[in-house]
Amino acid sequence: MAVEEFSSKGFAAVRIDSIAARANANKQLIYYYFSSKSGLYDAVLDRLVDTYRPVWAAMREGTLDDMIRLRAGQARDGITWRRLLAWEGLEYWENRDSPVHREDIRKAAYDNQREVLEHAQQSGAFPADVDARFASLLLIFASLGPAAFPQITKLVTGLEPDDPAVADGVDQVIAALLARTSEDQRPSGPSQ
């Protein structure tokens with residue numbers, strides 16, 4: 001219940017009373033187990049991080065193509081996660097000096113993606129003159145966009161943001177762009 005509440009309303013608007021009512025649970029027990037709304041939010045993030053940890057580990061061990069394939073699966077299955085991140089991003093501006101919830105774990109996951117891009121650069125599969133941090137950021141934004149801007153997704157594509165065709169379409173474009181950049185990286189000259 002808490003996952004749905006946080007992903008549909010954002011941290012600031014969620015009330016423990018409504019989570020307790022939806023879960024048919026005692027509000028005091030929620031506070032006993034989680035100490036605060038922030039503690040409950042951390043538990044929600046922990047659950048979502050644990051869900052995606054195997055994907056992030058596989059991404060770290062794979063190639064650029066593997067990363068795109070794994071991200072596509074993650075985008076298709078993760079509308080709740082993406083909505084939660086969108087709310088967190090909107091609320092960030094009000095709490096810029098506060099630490100990001102579970103920053104260390106989440107940063108490590110994003111570092112995995114950047115490292116895959118850097119390895120692809122070293123192998124010549126991705127342009128060496130592109131900053132891997134910003135390429136990684138662009139990939140993240142591409143997968144978050146439909147959840148963060150559902151109305152624009154519908155206006156542009158005619159599809160709802162949770163339609164699997166949206167995630168598939170975004171990832172097909174990313175794969176095509178990455179394939180094009182890797183082709184541009186291949187040495188030119190006479191073929192044998």
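Mentor: A cavity here is a set of grid points where a 1.4 Å probe fits but cannot get out, and a residue counts as lining when it has an atom within 4 Å of a point. Keep in mind that this is a predicted model.

Trainee: Which residues lie nearest the centre of the largest cavity?
Mentor: The space in this cavity comes to about 190 Å³, and the cavity is one of two that reach 30 Å³ or more. Its lining is made by 16 residues. Those nearest its centre are Arg71, Gln74, Trp81, Tyr110 and Ser143.

Trainee: Which helices each supply at least two residues of that lining?
Mentor: By class, the lining of the largest cavity holds 10 nonpolar, four polar and two charged residues. The helices that each give at least two residues to it are H4 (37-61), H5 (64-77), H6 (79-92), H7 (103-122) and H8 (132-148).

Trainee: Turning to the open spaces, which element gives the largest share of the lining of the largest pocket?
Mentor: The largest pocket holds about 1300 Å³ of space. Its lining has 37 residues, with Leu85, Glu88, Gly89, Val100 and Arg106 closest to the centre. Helix H1 (2-9), H6, H7 and H8 each supply at least two residues of this lining, and the largest share, 10 residues, comes from H8.

Trainee: How many charged residues are in the lining of the largest pocket?
Mentor: In the class division, 20 residues of this lining are nonpolar and eight are polar. The charged residues number nine.

Trainee: Which helix gives the most to the lining of the second largest pocket?
Mentor: The second largest pocket has about 230 Å³ of space, and among its 12 lining residues Leu138, Leu139, Ile174, Leu177 and Leu178 are the closest to its centre. Two or more residues of the lining come from each of H8 and helix H10 (164-185). With five residues, the helix that gives the most is H8.

Trainee: How many residues of the lining of the second largest pocket are nonpolar?
Mentor: This lining includes one polar residue and no charged residue. The nonpolar residues number 11.

Trainee: What is the distance in space between Leu29 and Leu84, C-alpha to C-alpha?
Mentor: Leu29 is in helix H3, residues 27-34, and its relative accessibility is 46%, so Leu29 counts as partly exposed. In sequence, Leu29 and Leu84 are 55 residues apart. In space, their C-alpha atoms are separated by 24 Å.

Trainee: Is Val49 buried or exposed?
Mentor: Val49 has its place in helix H4, and the C-alpha atoms of Val49 and Ala109, which are 60 residues apart along the chain, are separated by 9.1 Å. Buried means under 20% relative accessible area. Since the relative accessible area of Val49 is 1%, this residue is buried.

Technical notes
Residues numbered from 1 in each chain as written. Predicted model: local features only at pLDDT ≥ 70, side-chain atom pairs only at ≥ 80, totals over all residues. Heavy atoms only, no water. 1 Å grid on protein atoms, 1.4 Å probe; cavity = no way out; pocket = protein on both sides within 12 Å on 5 of 7 lines; lining within 4 Å. Points joined across faces, edges and corners; volume = space filled by probe spheres on them. Helix = DSSP H or I, 4+ residues; strand = E, 2+ residues; numbered from the N terminus. Nonpolar A, V, L, I, M, F, W, Y, C, P; charged D, E, K, R; others polar. Buried < 20%, exposed > 50% of the residue type's maximum accessible area, 1.4 Å probe, protein only.
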